[in-house]
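Thanks, everyone. I have one structure to go through, so let me put it on the screen.

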Amino acid sequence: MEDLFITPITPLQFQKGTGITENDKAETGTIVQSFGDVFRSLVSEAAEAERNFDEQKYLMASGQVESAHDLTIAGSYAQLTIDMVVNLRNKALEAYNELMRLSI
C-alpha cells in the first residue's frame, strides 16, 4: 500500500532569469518555459505549417505531388496551429482582463 502514496505538491523555487532552480531540474528533468517562449514557439510553428501548406499547394498545382492527401493534411495542420495560437491569445487576453478587474 505504501507505493500508492501521493506526494504533496511543492512550490517551484524560481531564480531570477533562470525560471527554475538547478535542484528542481534534477528532480523533474524538465525546464519551465515562460508564456512568451511558449507563444513565440507556437507562432513560429504556425508560420512553418503555413509555409509547408504553401509548398504542398505548389507541388499539387505543378503535378509534382506524390500523394494527394498530403495537401489536405498540411492544410488541416496549418489551420489547427493557427486556431491554437488564436485560442492561446484569447485566453491570455481574458486572463489579463480578469486581472485588471481585480481590486486590491
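The structure has 1 aromatic pair, where pairing means that ring centres of Phe, Tyr or Trp (its six-membered ring) lie within 6.5 Å. Phenylalanine 35 and phenylalanine 39 form that pair, stacked, at 5.9 Å centre to centre with 25° between the planes. Stacked is for planes under 30 degrees apart, edge-to-face for over 60, and tilted for the rest.

This is a predicted model: local features need pLDDT of at least 70, side-chain atom pairs count only at pLDDT 80 or more, and totals for chains, interfaces and linings use all residues. Residues are numbered from 1 along each chain as its sequence is written, and side-chain values use heavy atoms, with hydrogens and water left out.

Helices here are DSSP runs of H or I, at least four residues, and strands are runs of E, at least two, numbered from the N terminus.

Buried means under 20%, exposed over 50%, and partly exposed in between, using a 1.4 Å probe and protein chains only. Buried residues account for 13% of the 104 in the protein chain.

Now helix α3, residues 69–101, which contains leucine 71. Beyond neighbours within four places in sequence, leucine 71 contacts Phe53, Gln56, Lys57 and Met60, a contact being heavy atoms within 4.5 Å.

Overall, the protein chain has 3 helices and 0 strands.
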